[in-house]
Every structure is written in structure tokens, then in C-alpha cells.
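Here's a quick tour of a protein model, written for someone just getting started.

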Amino acid sequence: MVIDKRQVVYQIYPKSFKDTTGNGVGDLQGIIEKIPYLADLGVDMVWLNPFYPSPQRDNGYDISDYQAVNPLFGSMADFEEMIEVGEKHGIAFMLDMVLNHCSTDHEWFQKALAGDTFYQDFFILRDEPTDWLSKFGGSAWSPFGNTGKYYLHLFDQSQADLNWRNPHVRQELFKVVNFWKDKGVRGFRFDVINLIGKDDVLVDCPINDGKPAYTDRPITHEYLHMMNQATFGEEEGFMTVGEMSSTTIENCLLYTAPEREELSMAFNFHHLKVDYQDGQKWTIKAFDFKELQGLFHQWGEEMSQGNGWNALFYNNHDQPRALNRFIDVENFREEGATMLAASIHLSRGTPYIYMGEEIGMLDPDYDSMADYVDVESLNAYDILLEQGKSAAEAFAIVKAKSRDNSRTPMQWNATAHAGFSTNTPWLKVGKTYQTINVETEKTGKIFPFYQRLIKLRKNLSIISEGDYKAAYQNSDQVYAFERQLGDEKLLVLNNFFAQEVTLDLLPDYRAGQVLISNYPDVGLGQKLTLKPYQTLAILSTRN
Ligand code: TEU
């Protein structure tokens with residue numbers, strides 16, 4: 001399962017990408033229509049969020065049938081066509097596997113509820129609940145029908161955790177993975193996969209809502225190795241990425257070291273918590289640059305030294321847009337977007353682009369709670385009110401933090417509904433679509449910059465393969481790193497602020513070659529001044 005490290009992944013939230021039927025919801029035919037756009041951008045693999053049958057309590061992460069296409073998005077024939085058209089354009093697909101839990105509408109849960117003991121053992125049932133909290137608020141346990149027992153749901157009540165200790169469960173889930181692999185997909189993204197290993201005896205855990213009791217349990221590694229061996233393990237070039245909730249470097253090294261045969265890479269979220277007050281998501285705080293820089297350096301270096309592999313990203317369907325979090329978008333949207341892009345596309349790991357990022361899309365700037373759909377946001381709003389926040393304060397927090405910020409329809413052009421649909425979309429379009437859309441941005445600054453970054457990774461093995469070493473650690477403003485391959489060296493400097501900054505350029509790069517920058521005419525010398533949000537990559541010509 002050796003992956004091609006030159007590849008770049010593009011994430012599509014199918015509900016919001018392109019609607020071809022006029023029902024306000026994106027669909028598989030919409031994805032097919034836009035494959036040439038993706039090929040033009042230059043990406044190799046497309047990760048699709050779940051499009052399986054689901055009551056959509058959590059937008060498809062509550063799956064009621066793992067081996068079918070939700071008619072909302074199209075048919076199995078559409079899916080097969082999508083794979084085929086993708087192949088013609090050099091684009092493969094990565095599917096989202098939600099194997100930690102299934103919808104309570106799934107027949108396994110329904111049979112269990114009806115009294116079938118075989119299926120009851122598919123779930124985690126206990127006489128007494130522990131004190132763990134659901135990630136979407138409230139207890140992680142709900143009554144299991146009228147049996148007097150409780151079932152575990154680390155997420156919404158409608159998402160029942162599956163019992164991986166039961167070999168029948170594993171067998172069924174591996175079948176699901178093989179079903180889609182046999183349909184020609186070339187990768188999987190495994191949802192919250194570091195939560196699948198639950199202990200036999202579950203105990204109270206007052207720390208951090210109970211997370212240490214069920215996160216990264218040692219048996220998780222065994223399950224991943226079993227899955228690898230039973231499914232994709234022998235597929236050359238197959239790409240797997242685990243979404244790792246509150247994980248550690250130590251565990252991510254184990255999950256991703258090739259010789260362990262678990263996964264190809266891991267997503268972690270530590271760098272996206274640097275604007276949390278006291279580790280709490282539903283708060284407002286300016287991002288802490290030193291914390292971000294420290295995390296990037298620590299993960300970059302330790303994963304590099306330990307031969308692990310990171311998935312690199314700032315945006316996904318669970319995060320507000322990074323531009324709104326890290327950049328003064330009023331004044332420097334383009335500079336900020338290109339700097340953020342370079343800071344991960346030139347780093348060590350596989351870069352992920354979340355739809356709309358390549359055109360610098362922003363949070364939608366909604367005016368009222370009525371515009372939000374996401375279950376987590378709605379719950380959070382209620383909880384904030386219960387905690388004594390005013391309606392205005394609670395709204396301000398949801399507006400800054402809601403997952404819906406990134407789930408708004410893709411902005412294709414300046415026509416009604418941003419060219420996403422001919423009808424009212426399921427989630428309101430962002431306010432900026434008339435100026436920020438694919439049509440205008442294709443000849444703007446951001447989209448072409450992404451194209452260049454993707455090409456550079458294809459052409460220069462120092463980018464795809466080189467080691468990672470922290471640089472300028474003491475800077476309060478610049479996140480910088482060096483890459484190294486044989487006697488080649490590359491320095492990447494990223495100014496994370498709207499103020500200029502001057503630094504002493506490391507001697508090896510003073511006569512170097514500028515590989516890419518988001519400002520024209522960069523002169524190198526002993527002193528170097530970086531402009532607002534400037535990114536600059538320099539190849540050392542001295543060896
Ligand atoms: O998210 C995992 C997860 O831990 C989320 O709680 C995430 O941290 C949170 O949304 C940020 O506030 C995955 C999926 O990506 C998400 O869309 C699903 O809702 C969740 O699993 C349950 O399947």
C-alpha cells in the first residue's frame with residue numbers, strides 16, 4: 001500500500017457541490033459535470049463525504065445502508081459513471097467510511113431493538129451509563145428502547161456506536177469496504193476511526209468529557225491492521241486516511257508507519273484548536289500564532305523523524321473557513337489564501353483542498369439562527385443559552401464556529417444561487433458569491449496559485465519526499481520550515497500577519513532560487529523583508 005506522495009486530494013461535500021436536478025441538493029451528476037474543472041486544477045484524488053442512504057440527522061454521517069447511493073444524490077449507475085469519467089481525466093475517488101457508528105435507522109439497530117440478540121451484540125449496550133458526554137452535547141448514552149439498558153452514541157442519539165469487539169461486526173464492515181473497493185474507488189477516509197476500540201469494561205472518566213476512556217485505545221491498532229489485511233492492504237497506490245479525534249503523535253506514528261500496515265496517513269486537529277478558549281470550541285478567541293507554529297513544527301519534525309505521514313489541511317466540512325480564522329480578509333484575502341496554501345502544499349505530507357478553498361471562499365455571514373442546519377450548531381446554541389449567554393452572544397459564537405460555514409454551496413458564478421442550483425439550495429449561499437466565484441477566480445490570484453503549487457509537488461521530489469525541519473522557531477510572525485532530500489534544500493517562509501517583517505536569511509539561501517511567492521520580484525540577500533501574508537519558497541543552490 002505504498003502511496004504516491006506527489007498526489008493532492010480535493011474534498012467535495014456532495015450536498016453542496018453542484019445540483020443538476022434542481023432539488024437544491026448537490027448530486028453525483030453534478031460531480032461528473034465538474035470533473036474537468038478538477039482536472040484543470042490538477043488534483044489526483046477526490047474525497048466525497050457520505051452519499052449513502054441516511055436520515056440526514058448528521059448530513060449523511062448517520063448511515064442507514066452502507067452499500068447503496070441515497071436517491072437524493074443519484075443512483076449506483078451514476079456512481080459507476082463517475083468512477084469511469086474520473087479515470088479518463090486522471091482522477092480517482094476516495095470514499096468516506098463511517099464505521100464507528102451507524103444510524104439508528106439501520107436494520108442492524110432496528111433488529112436489535114426488536115429483540116434480536118445477535119444484532120444487540122452489534123452495539124454497545126450497558127445496564128448503567130458512564131459519565132461520558134456526547135460530542136454533540138448531552139450524555140453519550142440513551143435508553144435502548146424499553147429494555148432498561150442504554151446504548152452508547154459518542155455523537156448524536158441517532159448515531160449508535162458499533163461494537164468492534166464482535167467479530168461479526170468487523171466482518172460486516174470489512175465487507176462494506178470491499179464492496180466499494182471492488183467498484184473501483186482508490187482510497188478511503190475513515191471517520192473518527194481512532195474511537196472504534198472500546199474497552200470491554202467501560203468506566204467513568206471525568207477528564208475531558210470522557211475522551212481518554214475511548215480515544216486511541218491500543219486495540220484500535222489491531223483492528224486497523226485487521227481491516228488493512230482483509231481489504232485494501234495489497235492494493236498498490238491505494239490511499240487511506242484516518243480521521244483521528246484528539247489523537248497523539250505517538251499514536252499517529254503507529255497508525256501510519258508503512259511497516260505496521262494500518263493506514264497511509266492521519267488527520268489530526270490540534271492546529272485547528274489554536275483559536276479555542278481553554279480548549280473549548282464554542283468560544284471566541286483570536287488565534288494563537290505561537291501555538292500554531294509550535295504544533296506544526298512538533299508534528300512536522302516528529303512525523304518526519306519517525307517515518308509517519310500527515311494529511312495536511314486547514315479546511316474541511318467540520319471547520320469554519322481558515323481564511324476567516326487566520327487572515328485579515330478585509331484587506332488581504334488573496335495574499336492570505338495563497339500564503340496558507342503554500343504553508344501546507346510545500347510541507348511534508350499529503351495536502352487536502354476543501355472545495356471552495358481554491359477560490360478563497362469565506363464564511364457565509366448569515367444573519368440569523370434560522371439560516372443554520374447543522375445539528376451540532378443547533379445543539380450548541382441551546383447549550384450556550386442554557387449557560388446564560390444572551391441570544392446575541394450565542395449567535396455570535398455559532399456564527400464564528402458553525403460547521404455550516406464551510407458547507408455552503410460552491411460558488412460557481414455570479415448568477416442566482418451562485419450557479420450551484422436553479423432552485424433554493426438546502427443551505428443558504430454565502431453573501432460574497434457575486435465577487436468570489438469560480439468564474440472570476442480562475443483568472444484571479446488564488447486558483448492559478450493552487451495550480452502552480454500542485455504542479456511543483458508533481459515535479460520536485462524535495463516537496464513530495466523531503467524531510468521536514470523547523471526553521472525560525474523564535475519568530476513571532478513567521479512560520480518557516482526547511483525540506484531536505486539528499487543534498488537539496490528548500491526553505492519555506494510564511495508571514496502569518498498583515499505587518500511586514502524583516503529577517504536574516506539563512507546563509508545557504510542567500511544566493512538561492514525563488515521557487516514560488518505570492519508577491520512579484522523578490523530579491524534575496526542577507527536581509528529579507530516579507531510583505532503582509534507573504535509566502536516565499538527558496539531552493540538552496542549551494543551544496
Ligand atoms: O467528525 C469527527 C469529530 O470529532 C467532530 O466532532 C468534529 O471534531 C467536530 O465536528 C468539530 O466541531 C466526523 C465527521 O467529520 C463529522 O462531520 C461527523 O459529524 C462526525 O464524525 C460523526 O460522524
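Gly-187 sits opposite Met-239 in strand S10. That pair belongs to a parallel pairing in which four bridges join S9 (residues 187-190) to S10. Strands here are DSSP runs of E with at least two residues, helices are H or I runs of at least four residues, and both are numbered from the N terminus. Two strands count as paired if DSSP finds at least two bridges between them. Keep in mind that this is a predicted model: local features need pLDDT of at least 70, side-chain atom pairs count only at pLDDT 80 or more, and totals for chains, interfaces and linings use all residues. Residues are numbered from 1 along each chain as its sequence is written, and side-chain values use heavy atoms, with hydrogens and water left out.

**More on S10**
- S10 covers residues 239-243, and five of its five residues are buried (buried means under 20% relative accessible area, exposed over 50%, partly exposed in between, with a 1.4 Å probe and protein chains only).
- In a regular strand, side chains alternate between the two faces of the sheet.
- In S10, Met-239, Val-241 and Glu-243 point one way, while Thr-240 and Gly-242 point the other way.
- S10 also pairs with S11 (residues 265-267), in the parallel sense over three bridges.
- Within that pairing, Gly-242 has Ala-266 in S11 as its bridge partner.

- Three strands make an open sheet in the order S5-S7-S6, with antiparallel pairing.
- S5 (125-126) and S6 (141-143) are the edge strands, each with a single partner strand, so one side of each has no neighbour in the sheet.
- S6 and S7 (residues 150-152) share three bridges and run antiparallel, with Trp-141 opposite Leu-152 in S7.

**S16 and its partners**
- S16 (residues 488-495) is largely enclosed by the rest of the structure, because seven of its eight residues are buried.
- Eight bridges tie S15 (residues 478-485) to S16 in an antiparallel pairing, and Gln-484 stands opposite Lys-489 in S16.
- The S15 and S16 hairpin has two residues between the strands, and Gly-486 takes a positive phi near 60 degrees there.
- S16 also pairs with S20 (residues 535-539), antiparallel over five bridges, and Leu-490 stands opposite Leu-539 in S20.

**Gly-430, a loop residue**
- Gly-430 is in the loop between helix H15 (404-407) and helix H16 (438-441).
- Its relative accessibility is 2%, so Gly-430 counts as buried.
- Setting aside neighbours within four places in sequence, Gly-430 is in contact with Pro-364, Thr-408 and Gln-411 (contact means heavy atoms within 4.5 Å).
- Gly-430 and Leu-362 are 68 residues apart in sequence, but 7.6 Å apart in space, C-alpha to C-alpha.

**The whole protein**
- Overall, the protein has 18 helices and 20 strands.
- Its C-alpha trace spans about 75 × 55 × 50 Å along the principal axes.
- Of the 543 residues, 61% are buried.
- Among contacts between residues at least 6 apart in sequence, 71% join residues at least 24 apart.
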